[in-house]
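Let's take a walk through this one together. Have the viewer open and follow along.

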Amino acid sequence: MPVAASAIYFLNLRGDVLINRLYRDDVSGNMVDAFRIHIMQTKELGTCPVRQIGGFSFLYMRISNVYIVIVVSKNANVACAFKFVVEAVALFKSYFGGAFDEDAIRNNFVLIYELLDEIMDFGYPQNLAPEILKLYITQEGVRSPFSSKSSDKPCPNATLQVTGAVGWRREGLVYKKNEVFLDIVESVNLLMSSKGSVLCCDVTGKVLMKCFLSGMPDLKLGLNDKIGLEKESQLKSRPIKSGKTIELDDVTFHQCVNLTRFNSEKTVSFVPPDGEFELMKYRITEGVNLPFRVLPTIKELGRTRMEVNVKVKSVFGAKMFALGVVVKVPVPKQTAKTSFQVTSGRAKYNASIDCLVWKIRKFTGQTESTMSAEVELISTMAENKSWTRPPILMEFQVPMFTASGLRVRFLKVWEKSGYNTVEWVRYITKAGSYEIRY
């Protein structure tokens, strides 16, 4: 359910109402007195941003020296309400030259009332995009003398954008060279037991795009996901070609994606925003290709010595390489002295985090490296309990490799003028939470 706000109030730190707007007749004009008496005067503002008083819910947020309070009489989507407040403040700042405080509100009463009538209708949020609203609410706000004047130019044709059809892109864009940059960035999350079995493993990924295209292009992205390939084979009456397919979980898209077409054809079709944006996010839990395997051996020789041996194997292709590989091996706090032997990279003891830190600038695929360390400990009478052995942590970045196996099959760009485009695709896999117990 959307917000369905009954009223919105702007208050200063003393509780004085600066401006308010009633959207429904189920609340009275003095409803804000309940907020002032039961929340502000009791000094419970920092406990919870949602309070229920007398059958009404008060959702409030402090921005600078102003409290924005939304009053709802029924069960409403709280996350949507706070999202509305954040975007509304961003809208006001774009009109006021970057400032939003009590003085800015007092200097722009008329403009704020006009904006409140446009961004919310009968308690339901509407379009809050500044670049769209400035097309037909052309009044400029009173700006702070310290703010820079916005250099945004109005779009030549606002009809299509005001309707909400393509509100994220303006018409009339022209580029000498039409290019599309697509990045698939994945983070591998791993928890491995001391016996070498995988306890938990998943991949969270996102598809980032940077578009420099003229006109109003229509893009179509094809991935090697199982559902999309099966749907394509049904539409074309062709068998699925051999190759790895993956199953995407928890997929979320940018608002530019045509969801109706995705539900029917399972293809990602969209009119992209200009510049950089996040096209989609996803998660994969099956068939994860781990880029590294870590084989640790830790021996405690009495109470004053330890031997640490760590072997790291790269599982990805021999023509690939990893950058910025860091292995952090925890050691007891009473570590006094360390000595190392490494086949590649450098290792040292970092006392601030109680870890042996092994860094390898470049790690080639299908190779292995080892680190051997001798750790001398200080014997203390206070340390009677055994060491808990925190997990080994690993950091890395592998270009042109995806742990999920996700691949871009095609990226088609169509525009009525028929210009040629250059597409660039890049894959990056990073370590999210890569933990190995020993």
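This is a predicted model: local features need pLDDT of at least 70, side-chain atom pairs count only at pLDDT 80 or more; totals for chains, interfaces and linings use all residues.

Start at helix 4, which covers residues 109-119. Which of its residues are buried? Leu111, Ile112, Leu115, Leu116 and Ile119 are. Val110 counts as exposed because its relative accessible area is 59%, and the cut-off for exposed is over 50%. Together with Phe109 and Tyr113, Val110 makes up a nonpolar patch on the surface, and the three share about 260 Å² of accessible area.

On to the charges. Side chains of opposite charge can pair when their charged atoms come close. How many salt bridges does the structure hold? There are 12, and here are some of them.

One joins Asp33 to Arg36, at 2.5 Å from N to O. Both residues belong to helix 1 (residues 32-40), where they are three residues apart, about one turn of the helix. An α-helix has 3.6 residues a turn, so residues three or four places apart point the same way. Asp33 is partly exposed, at 30% relative accessibility.

Next, find Arg305 and Glu307, whose closest N and O atoms are 3.7 Å apart in their salt bridge. Arg305 is partly exposed at 35%, and Glu307 is partly exposed at 25%.

Finally, Glu395 and Lys328 form a salt bridge at 3.3 Å, N to O. This pair ties together distant parts of the chain, 67 residues apart: Glu395 is in strand 21 and Lys328 in strand 16.

Terms used
Residues are numbered from 1 along each chain as its sequence is written. Side-chain values use heavy atoms; hydrogens and water are left out. Patches are made of residues with over 30% relative accessible area and no salt bridge: like charges are joined within 9 Å, nonpolar side chains (Val, Leu, Ile, Met, Phe, Trp, Tyr) within 5 Å. Accessible areas come from the Shrake-Rupley method with a 1.4 Å probe; for residues, only the protein chains shown count as cover. A salt bridge is a side-chain nitrogen of Lys or Arg within 4 Å of a carboxyl oxygen of Asp or Glu. Helices (H or I, at least four residues) and strands (E, at least two) are DSSP runs, numbered from the N terminus. Buried means under 20% relative accessible area, exposed over 50%, partly exposed in between (1.4 Å probe, protein chains only).
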